[in-house]
Amino acid sequence: MEQNREEITDYVRIEIICHWNLLKFYLKEVREMNEKRINAIKGFTDIILVAALVLLSNCKFIEGKEFLKIIIIDNSLSTADLRKYYINDFEKILASLEPGDRIIIYPVNSQPLNRPELELKIPAVRGENQLKRTISEVDIKTKKIPAIRDELMRRMKEIINMKNLSQKTDLLFALYNVAGFIKSGEKTEIYIISDMVNDSEYANFNHLDLDSTNIAKLINKIKKDSFLPDFKGASVYVTGVYNSNGLKFIQIKNFWYEYFRQASAKLKTYSVSIN
């Protein structure tokens, strides 16, 4: 019978705890232990252990969803007042890490890098049977993932605490570069922590009237210049945006929805903070 791995292990854990508590009750209540009762208790614990092992070994193992998670961090001067939200949102992203995930941190400023600032890979669950896979998963989730989270958080704090902040933000160039990190067939989530105001020589959103006509013109220009990335169905989560100017906020938001649609991505969230 095919069941979710976590449901199986949780079920076994609960069953063992329940029976162990019952066993402790008998041990507490019984003052005089004769040989017959001792053997009965031993048999009782053996049955629990065998049942747990059989349940784990017979259930079909379902591979977990391994994702590429790209975290784009806007460290330009325009986001200085939003930094207080960055750590909380970053912690929520880190809480979603699972075995097998590949994580990339990519800071954005006026001159985005051609490579990731940091790239880490969480080991995938391995084992020729369900029991060994479960042991592997416990080891990864209790030891390796916490260590990777600590390293990612340390790097995140270094980025947002940089003193020499860039005056401009070239998000369009950064997103074009980021698409090159995605491998064919790789499930991808892109988290963008930014106010989403592109400020570069190519396009300065502060001075553009991004109505529907101009949005179409800009995207056509991007496509003509072979500057539109292919995100291969990635899910995009934008956080850090805030409504400081009603019309400009809506215009910029409309641009990005259309941009990601044209770039074969799904813009799932566009808000000041991850819920």
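This is a predicted model: local features need pLDDT of at least 70, side-chain atom pairs count only at pLDDT 80 or more; totals for chains, interfaces and linings use all residues.

User: How many residues apart in sequence are the parts that the pair of Phe 231 and Phe 260 ties together?
Analyst: Phe 231 is buried at a relative accessible area of 0%, and Phe 260 is buried at 0% as well. Phe 231 sits in the loop between α6 and β5, while Phe 260 belongs to helix α7. The pair therefore ties together parts of the chain whose separation in sequence is 29 residues.

User: Is the aromatic pair of Trp 256 and Tyr 259 stacked or edge-to-face?
Analyst: Trp 256 and Tyr 259 are three residues apart in helix α7, so about one helical turn separates them. Both Trp 256 and Tyr 259 are buried. Their ring centres lie 5.1 Å apart, and the angle between the planes is 80°. Planes over 60 degrees apart count as edge-to-face, so this pair is edge-to-face.

User: Which residues touch the most other members of the largest nonpolar core?
Analyst: This core has 41 residues, and the elements giving two or more residues to it include β1 (67-74), α5 (171-179) and α7 (246-262). Phe 231 has contacts that include Leu 175, Ile 190 and Tyr 259. Ring pairs also link Phe 205, Phe 231, Phe 255, Trp 256, Tyr 259 and Phe 260 into a cluster. The residues touching the most other core members are Phe 231, Phe 255, Trp 256, Tyr 259 and Phe 260.

User: Where does Glu 186 lie, the salt-bridge partner of Arg 102?
Analyst: The side chains of Arg 102 and Glu 186 meet at 2.8 Å, N to O, and both residues are buried. Arg 102 is in strand β2, and the pair links distant parts of the chain, 84 residues apart. Glu 186 lies in the loop between α5 and β4.

User: Which residues are linked with Arg 154 in a network of salt bridges?
Analyst: Glu 151 pairs with Arg 154, their closest N and O atoms being 2.9 Å apart, and the two lie three residues apart in helix α4. Glu 158 also meets Arg 154, at 2.6 Å, N to O. Arg 154 is partly exposed at 39%, as are Glu 151 at 25% and Glu 158 at 43%. The residues linked with Arg 154 in this network are Glu 151, Arg 155 and Glu 158.

User: Is Ser 136 buried or exposed?
Analyst: Ser 136 is part of helix α4 (residues 130-160), and its contacts include Ala 124, Val 125 and Arg 126. Its relative accessibility is 16%. Buried means under 20%, so Ser 136 counts as buried.

User: One last point: what is the accessible area of the nonpolar patch on the surface with Val 272?
Analyst: Val 272 is found in the segment after β6 (265-271). At 33% relative accessibility, Val 272 is partly exposed. Tyr 85, Tyr 242 and Val 272 make up the patch, and their accessible area together is about 240 Å².

Technical notes:
Residues are numbered from 1 along each chain as its sequence is written. Side-chain values use heavy atoms; hydrogens and water are left out. Patches are made of residues with over 30% relative accessible area and no salt bridge: like charges are joined within 9 Å, nonpolar side chains (Val, Leu, Ile, Met, Phe, Trp, Tyr) within 5 Å. Accessible areas come from the Shrake-Rupley method with a 1.4 Å probe; for residues, only the protein chains shown count as cover. A salt bridge is a side-chain nitrogen of Lys or Arg within 4 Å of a carboxyl oxygen of Asp or Glu. Helices (H or I, at least four residues) and strands (E, at least two) are DSSP runs, numbered from the N terminus. Buried means under 20% relative accessible area, exposed over 50%, partly exposed in between (1.4 Å probe, protein chains only). A nonpolar core is a set of buried Ala, Val, Leu, Ile, Met, Phe, Trp, Tyr and Cys residues joined through side-chain atoms within 4.5 Å. Contact means heavy atoms within 4.5 Å. Rings of Phe, Tyr and Trp (its six-membered ring) pair if their centres lie within 6.5 Å; planes under 30 degrees apart count as stacked, over 60 as edge-to-face and the rest as tilted. Lists of a residue's contacts leave out its neighbours within four places in sequence.
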